[in-house]
Amino acid sequence: MKKAMTWLKNIRPLKVLTVFLAGIFLFLTQACGAPGVAAQPPQPGSQAPNIERYDSTKDYPLNAPAGGMNNFSDVDPRAIDEKAANDRADALVKNAQKNIDQKGIDSREQYGRNFKQGTPLGERVKNLGEDIGSSAEEVRKGVVKGTQRGIENLKGNTQNATEDVTKNVQRGAEDAGKNVKRTAEDAGDAVKGAVRNAD
């Protein structure tokens with residue numbers, strides 16, 4: 001009986017309250033926290049559109065019988081059907097050829113002739129010169145702007161340095177004046193102390 005009484009005395013109300021609240025929290029999270037677990041069953045006639053119902057009267061073979069082992073094909077079903085792949089490749093080639101023919105060119109020969117002839121050499125050199133000239137002009141403008149910014153920064157830095165030197169000289173002069181005054185006061189105090197000692 002004494003053990004039971006000491007055990008009851010050792011139990012603190014805060015511990016009991018903590019355990020009680022933890023239990024309620026656990027109960028609520030399990031009961032109310034998982035909406036998918038306790039969902040309503042689907043209503044009749046409200047079937048998802050991509051689900052096909054199983055009909056037990058139909059025969060659903062996995063593979064069509066092909067006459068191989070166990071009445072199925074001996075070829076791996078994952079193997080590529082070469083005929084279908086070749087047909088698809090031919091269709092893509094024909095589509096690409098059609099696109100080439102319809103891109104504003106009268107014929108493939110004209111396309112080849114235009115590619116081979118290209119722009120005359122004089123025009124290509126002129127265009128290249130214009131491109132180089134415009135690039136050089138852009139570089140020149142960039143250098144001029146950079147130089148101007150550098151000069152402005154240098155002026156600003158010089159002005160700031162001048163102001164700092166002026167302030168430092170003024171502070172130095174003030175400090176020197178204070179030091180001279182202190183030295184004079186200390187000398188005066190020393191003379192006064194010496195005169196007193198002499199009396």
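Biologist: I have clicked on phenylalanine 20, which lies in helix H2. What kind of model am I looking at?

Modeller: This is a predicted model, where local features need pLDDT of at least 70, side-chain atom pairs count only at pLDDT 80 or more, and totals for chains, interfaces and linings use all residues. Residues are numbered from 1 along each chain as its sequence is written, and side-chain values use heavy atoms, with hydrogens and water left out.

Biologist: How do I read the confidence, and which helix has the highest mean pLDDT?

Modeller: The predictor's confidence in each residue is its pLDDT, from 0 to 100. The chain averages 76, and 68% of the residues score at least 70. Helix H2 (residues 13-32) has the highest mean among the elements, 85, while helix H4 (residues 108-117) has the lowest, 58.

Biologist: How many helices and strands are there?

Modeller: Both are DSSP runs numbered from the N terminus: helices are H or I with at least four residues, strands are E with at least two. Here there are five helices and zero strands, giving the pattern α-α-α-α-α along the sequence.

Biologist: What span should H2 have?

Modeller: The expected span is 1.5 Å times one less than the number of residues. For the 20 residues of H2 that gives 28 Å, and the end C-alpha atoms are 28 Å apart, which agrees.

Biologist: Back to my residue: is phenylalanine 20 buried or exposed?

Modeller: Buried means under 20% relative accessible area, exposed over 50%, and partly exposed in between (1.4 Å probe, protein chains only). Phenylalanine 20 has 52%, so this residue is exposed. Of the 199 residues of the chain, 1% count as buried.

Biologist: Which residues make the nonpolar surface patch?

Modeller: Patches take residues with over 30% relative accessible area and no salt bridge; like charges are joined within 9 Å, nonpolar side chains (Val, Leu, Ile, Met, Phe, Trp, Tyr) within 5 Å. Leu14, Leu17, Phe20, Leu21, Ile24, Phe27 and Leu28 make one of about 730 Å².

Biologist: And how many salt bridges does a search of the whole structure find?

Modeller: Side chains of opposite charge can pair when their charged atoms come close. The cut-off is a side-chain nitrogen of Lys or Arg within 4 Å of a carboxyl oxygen of Asp or Glu. The search finds one: glutamate 137 meets arginine 140 at 2.6 Å, N to O. They are three residues apart in helix H5 (residues 121-198), so about one helical turn separates them. Glutamate 137 is partly exposed at 33%, and arginine 140 is partly exposed at 45%.

Methods: Accessible areas come from the Shrake-Rupley method with a 1.4 Å probe; for residues, only the protein chains shown count as cover.
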